[in-house]
Amino acid sequence: MYTVRIQGAINPPVAGFLGECIDKAGEANAEALLVLLDTPGGLDSSMREIIKKMMDAPIPVVVYVAPAGARAASAGAIILLASHI
């Protein structure tokens, strides 16, 4: 399983980075991609790009709000809901 940590606002660089991570995990035939998320939210356009990429992912994308005390507000909440698990 591949793991990536997203901390901070959801913006175009984050969307691009997460898209690359999904591609790399898929190319490596990973069991899944685990996204550890802590965000106050962010841009609608970046959130939509992330969700589209997750929906087209060849592997499951698991989004987990971490570490303790982390949050997934606004755009982060919708990314969390759109994840496979």
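Predicted model: local features only at pLDDT ≥ 70, side-chain atom pairs only at ≥ 80, totals over all residues.
**Surface.** I then looked up burial: 45% of the 85 residues are buried.

**Charges.** I looked up 6 positive and 8 negative charges in the protein chain. Their mean positions lie 6 Å apart.

**Size.** I checked the extent of the C-alpha trace, which spans about 30 × 25 × 20 Å along its principal axes. Does the radius of gyration agree with a compact globule, or disagree? It agrees, because a compact globule of 85 residues would come near 12 Å and the protein chain has 11 Å.

**Order of elements.** I found 3 helices and 3 strands. Read from the N terminus, they follow the pattern β-α-β-α-β-α. I also looked at contacts between residues at least 6 apart in sequence: 82% of them join residues at least 24 apart.

**Inside.** Next I went to the largest nonpolar core, which has 25 residues. Ile10, Leu33, Val35, Ile50, Met54 and Ile79 touch the most other members. Strands E1 (2–7), E2 (33–38) and E3 (61–65) each give at least two residues to this core, and so do helices H1 (12–27), H2 (44–55) and H3 (75–82). Which element supplies the largest share? I noted H1, with 6 residues.

**A closer look at Leu33.** Setting aside neighbours within four places in sequence, I listed the contacts of Leu33; among them are Tyr2, Val4, Leu18, Ile22, Pro60 and Val62.

Notes
Residues numbered from 1 in each chain as written. Heavy atoms only, no water. Helix = DSSP H or I, 4+ residues; strand = E, 2+ residues; numbered from the N terminus. Rg over C-alpha atoms; globule rule 2.2 N^0.38 Å. Buried < 20%, exposed > 50% of the residue type's maximum accessible area, 1.4 Å probe, protein only. Contact = heavy atoms within 4.5 Å. Lys, Arg positive; Asp, Glu negative; His and termini not counted. Charge placed at Lys NZ, Arg CZ, Asp CG, Glu CD. Core = buried A, V, L, I, M, F, W, Y, C linked by side-chain atoms within 4.5 Å.
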